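Open the model in your viewer and keep the selection panel at hand. The tour goes stop by stop.

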Amino acid sequence: METVEKKKNHFLESILSGVNYMLPCVVAGGIMLGVSFLLDDISINPDTYGTNLPLAAFFNNNGNIMFSFMLPVFCAGIAFYIAGVAGIPAALMAGAICRDGDSSFLGALLLGFVVGLFVLLLKKLLAKLPETFTILKDLLLIPLISVIVTAIIAQFLVEPIIGTLNLLMNSGLQSMNGSSQIILGAVLGLMQSADMGGPINKTAYLFATAALANGQYVLMSAVLAGALIPPYVTGISSLLFRKKFTEKERGQGITNLIMGLAGISEGGIPFLLKDPLRVGAACMIGSAIAGGGSVLLGYSVMAPFGGFFILPLNANPFGFVLSVVLGVAVGVVILGVTKKEAAEAEVEIAN
């Protein structure tokens with residue numbers, strides 16, 4: 001039982017390691033993207049919104065560069081936790097393959113563990129080499145072998161399987177397009193909190209982005225509203241119900257309030273991993289209310305990112321704020337009522 005518990009803790013700590021390394025990239029990149037839309041003039045060219053003006057283009061281009069590191073750093077963070085520095089090269093490549101392909105966040109998560117465990121195996125197999133081969137082993141053999149094997153696994157196994165799964169989720173959303181816009185908005189909003197930046201979240205975002213490109217601006221409203229719920233539900237709850245959160249979680253909660261300004265939902269992941277049932281339920285219900293409410297109240301926006309930074313660009317700013325406030329309020333109440341006190345919760349998880 002103790003061995004199983006240790007493995008479970010190591011599994012969660014590995015993911016948290018990847019998240020902790022990834023978050024600075026997400027925060028910096030996300031805020032820069034939000035600022036780019038705020039500074040730009042959409043009337044110049046709606047198709048290149050965010051890069052029409054030089055200053056906006058500066059923030060947009062560099063924000064996208066930071067965002068492009070998100071999955072490679074996440075994957076490398078997991079591999080680093082498992083295998084140390086030797087796991088970083090192959091994991092960075094694996095994350096880049098997932099970013100440029102269809103497997104996205106879920107693929108990077110899986111490959112982070114694959115790389116870490118494979119590099120550990122390589123270390124054991126090569127441990128019997130004479131000490132004179134140490135530099136050769138660390139600088140050539142382990143990086144080269146792990147990179148080649150990871151590339152094969154990523155491109156011929158993970159991408160086809162996980163990529164197909166992501167495409168199926170997107171097809172499922174498209175099949176709902178003819179149903180009530182409010183229901184679809186609620187579903188898209190809920191998906192933002194389902195895994196807070198993971199494959200479900202990204203599927204909803206990409207679906208809304210495609211709709212945006214086709215001149216449908218309402219669905220993006222649901223996605224942007226839903227993404228605001230996790231950081232504010234976890235952040236506000238950690239301050240209102242202090243006894244139910246650890247000191248570290250309260251610090252993360254304050255950070256989430258700042259991240260929430262740009263609609264960055266990834267800050268809720270540490271809370272979700274430690275208490276998936278309660279945190280997940282509170283945030284998903286809140287996000288569904290925010291997503292559906294934003295569509296009901298006629299909110300629409302042409303910017304694909306930015307949270308509150310792009311509030312002046314909204315067709316109905318009041319409707320957007322109202323739907324988000326309502327979703328956050330419901331989520332905070334649910335989490336505050338259901339969550340155990342910090343010490344009690346940790347004992348419960350351990351059992």
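Which residue forms a salt bridge with aspartate 275, and how far apart are the closest N and O atoms? Select arginine 278: it is the partner of aspartate 275, and the closest N and O atoms are 3.2 Å apart. Keep in mind throughout that this is a predicted model.

**Stop 1**

Aspartate 275 has 5% relative accessibility, so it counts as buried. Arginine 278 is also on the buried side of the cut-off, because its relative accessibility is 17% and buried means under 20%. Asp275, Arg278 and Lys339 are linked in a network of salt bridges.

**Stop 1: the other salt bridges**

The structure holds four salt bridges. Select lysine 274 and glutamate 249 for another of them. Their closest N and O atoms are 3.5 Å apart. This pair links distant parts of the chain: lysine 274 sits in helix H11 (residues 269-274), glutamate 249 in helix H10, and 25 residues separate them. Buried or exposed, what is glutamate 249? Glutamate 249 is buried, at 10% relative accessible area. Lysine 274 is partly exposed, at 31%.

Next, go to arginine 99 and aspartate 100. They form a salt bridge, with the closest N and O atoms 3.0 Å apart. Arginine 99 counts as partly exposed at 34% relative accessibility. Aspartate 100 counts as exposed at 60%. Side chains of opposite charge can pair when their charged atoms come close.

**Stop 2: asparagine 256 in helix H10**

Return to helix H10 and select residues 247-259; asparagine 256 is in this helix. Show side chains here. Asparagine 256 and glutamine 252 are joined, side chain to side chain, by a polar contact of 2.8 Å. Now display the surroundings. Setting aside residues up to four places away in sequence, asparagine 256 touches Pro231, Thr234, Gly235, Gly267, Gly268 and Phe271.

**Stop 3: alanine 290 in helix H12**

Select residues 276-296, which make up helix H12, and pick out alanine 290. Alanine 290 is buried, with a relative accessible area of 0%. Which residues does alanine 290 touch, not counting those up to four places away in sequence? They are Ala225, Gly226, Ile229, Ser323, Val324 and Gly327. For a distance check, draw a line from alanine 290 to serine 238. The two are 52 residues apart in sequence, and their C-alpha atoms are 20 Å apart.

**Stop 4: methionine 70 in helix H3**

Move to helix H3, residues 70-83, where methionine 70 is found. Methionine 70 counts as buried, at 8% relative accessibility. Leaving aside neighbours within four places in sequence, methionine 70 is in contact with Met22, Val26, Lys202 and Glu266.

**Stop 5: a backbone angle at serine 104**

Select helix H5, residues 104-126, which contains serine 104. What is phi of serine 104? Phi is near 55°, a positive value in a residue other than glycine. Most residues other than glycine have a negative phi. Serine 104 counts as buried, at 17% relative accessibility.

**Stop 6: a nonpolar patch on the surface**

Select Leu129, Phe133, Leu136, Leu140, Leu144, Ile148, Ile152, Phe156, Leu157 and Ile161. These residues form a nonpolar patch, with about 940 Å² of accessible area together. Leucine 157 belongs to this patch and lies in helix H6, residues 134-175. Leucine 157 is partly exposed, at 48% relative accessible area.

**Stop 7: the annotated spans**

Finish with the record. An unreviewed UniProt entry places the feature "transmembrane region" at residues 21-39, 65-92, 104-122, 142-168, 217-241, 253-273, 279-311 and 318-337. Colour two of these spans. Residues 21-39 are 100% helix and 0% strand, and the end C-alpha atoms lie 29 Å apart. For residues 318-337 the chain is 100% helix and 0% strand, with 28 Å between the end C-alpha atoms.

Methods. Residues numbered from 1 in each chain as written. Predicted model: local features only at pLDDT ≥ 70, side-chain atom pairs only at ≥ 80, totals over all residues. Heavy atoms only, no water. UniProt positions renumbered as here; feature names shortened; annotations may be inferred. Helix = DSSP H or I, 4+ residues; strand = E, 2+ residues; numbered from the N terminus. Polar contact = N/O pair within 3.5 Å; in protein donor to acceptor, adjacent residues only side chain to side chain. Contact = heavy atoms within 4.5 Å. Patch = residues over 30% accessible without salt bridge, like charges linked within 9 Å, V, L, I, M, F, W, Y side chains within 5 Å. Areas by Shrake-Rupley, 256 points an atom, 1.4 Å probe, with all protein chains shown as cover. Salt bridge = Lys/Arg side-chain N within 4 Å of Asp/Glu carboxyl O. Buried < 20%, exposed > 50% of the residue type's maximum accessible area, 1.4 Å probe, protein only.
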